[in-house]
Amino acid sequence: MPIVAKNIHKTFEDTKVLKGVNLTVQDGEVVVIVGSSGSGKSTLLRCLNLLTQPSSGHILIDGIDITEPNVNLNRIRQKVGMVFQNFNLFNNLSVIENIKLGPKKILHQKEKEADKEARRLLKLVGLLNKADIFPRNLSGGQKQRIAIARALAMHSEVILFDEPTSALDPEMIGEVLDVIGNLAKEGLTMIIVTHEMSFAREVGTRMLFLDHGKIIEDGTPTQVMDHPKTERAARFFASIRK
């Protein structure tokens, strides 16, 4: 299920955040998006499933232009899941009820089917023993793993990750990255905004470097990080190595 962005611009008041971004992501790719703060990474990600409306341009998901009026966005978002920086779990629901909510309401799964799938996914992310716990009693790393399970429960064909480790304490980052890494090995299509460069190099099949709202590097992580074509990217990665 390819995702295609065509000439995406986004302006917030007087600030141009995205400036004509063109991007095609094919099935099975793990695309990592990197760049300095304010370069437009998260805005681009949110435009891809219309959580942020582009000022102009087109987004095609599986051939459907989701920027056109009268498109059933809920149906599209079943295919394109999102994992946020700050988890966005419902604190009044148990872990398993958080995961079952979307499949029951949107996919119209029966309780037994939704419960079985939720428990399978909790086992996948290593948290089956937390099924009946409420989110307030979980660590940040556990909450993020639950958020990933919730996205998978919708049978998403693509998952977007917006800085999935930025709200975590350092000792919790590894457990989340391990789950994402395992999903990459299984061939799930993912687009990941991250500042974890070693992780980006390890799991990414492709790396985009954004600068001032434009993609200025596009290649494998090794190509972009070790042999950048632009001076700006070279300075960025040199500063990280220091």
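User: Hey, which residue stands opposite Val30 in S8?
Analyst: Met190 in S8 is the one across from Val30. Keep in mind that this is a predicted model, where local features need pLDDT of at least 70, side-chain atom pairs count only at pLDDT 80 or more, and totals for chains, interfaces and linings use all residues. Residues are numbered from 1 along each chain as its sequence is written, and side-chain values use heavy atoms, with hydrogens and water left out.

User: How many bridges join S3 to S8?
Analyst: Four, and strand S3 (residues 30-34) runs parallel to strand S8 (residues 189-193). Two strands pair if DSSP finds at least two bridges between them. Helices (H or I, at least four residues) and strands (E, at least two) are DSSP runs, numbered from the N terminus.

User: What holds strands of a sheet together in pairs?
Analyst: Strands in a sheet pair through backbone hydrogen bonds, either parallel or antiparallel.

User: In what order do the six strands of that open sheet come?
Analyst: The order is S6-S7-S8-S3-S9-S10, with mixed pairing. Strand S6 (80-83) and strand S10 (214-219) are at the edges with a single partner strand each, so one side of each has no neighbour in the sheet. From one strand to the next, the twist averages 20 degrees.

User: Which helix packs on the sheet, touching S6 and S7?
Analyst: That's helix H5 (residues 140-153), whose direction makes about 170 degrees with that of S6. Contact here means heavy atoms within 4.5 Å. Axes are lines fitted to C-alpha atoms, for helices over the stretch in contact, and angles run from 0 to 180 degrees between N-to-C directions.

User: And where does H6 lie?
Analyst: Helix H6 (residues 170-185) goes across S3, S7 and S8, at about 145 degrees to S8.

User: Let's look at S7. How many of its residues are buried?
Analyst: Five of its five residues, so to speak a mostly covered strand (buried means under 20% relative accessible area, exposed over 50%, partly exposed in between, with a 1.4 Å probe and protein chains only). Val158, Leu160 and Asp162 are buried on one side of S7, and Ile159 and Phe161 are buried on the other.

User: What does S7 pair with, and in which sense?
Analyst: S6 pairs with S7 in the parallel sense over four bridges, and S7 pairs with S8 in the parallel sense over five bridges. Phe161 in S7 is the bridge partner of Val83, while Ile159 stands opposite Met190 in S8.

User: Switching topic: what's the order in the sheet of four strands?
Analyst: This open sheet goes S2-S1-S4-S5, and its pairing is antiparallel. S2 and strand S5 (64-65) are the edge strands, each pairing on one side only.

User: How many bridges are there between S1 and S2?
Analyst: Eight, in the antiparallel sense, between strand S1 (residues 3-12) and strand S2 (residues 15-25). Lys10 has Leu18 in S2 as its bridge partner, and His9 stands opposite Lys19 in S2. Two residues sit between the strands of this hairpin, where Glu13 takes a positive phi near 55 degrees.

User: What about S1 and S4, how many bridges there?
Analyst: Five, again antiparallel, with S4 covering residues 56-61. Lys6 is opposite His58 in S4.

User: Last one: at what angle do H3 and H4 pack?
Analyst: Helix H3 (residues 95-105) and helix H4 (residues 111-124) pack at about 125 degrees, with their axes 9 Å apart. That makes H3 and H4 oblique to each other (angles under 35 degrees count as roughly parallel, over 145 as roughly antiparallel, 65 to 115 as roughly perpendicular and the rest as oblique). The contact includes Ile96 and Ile99 of H3 and Ala118 and Leu122 of H4.
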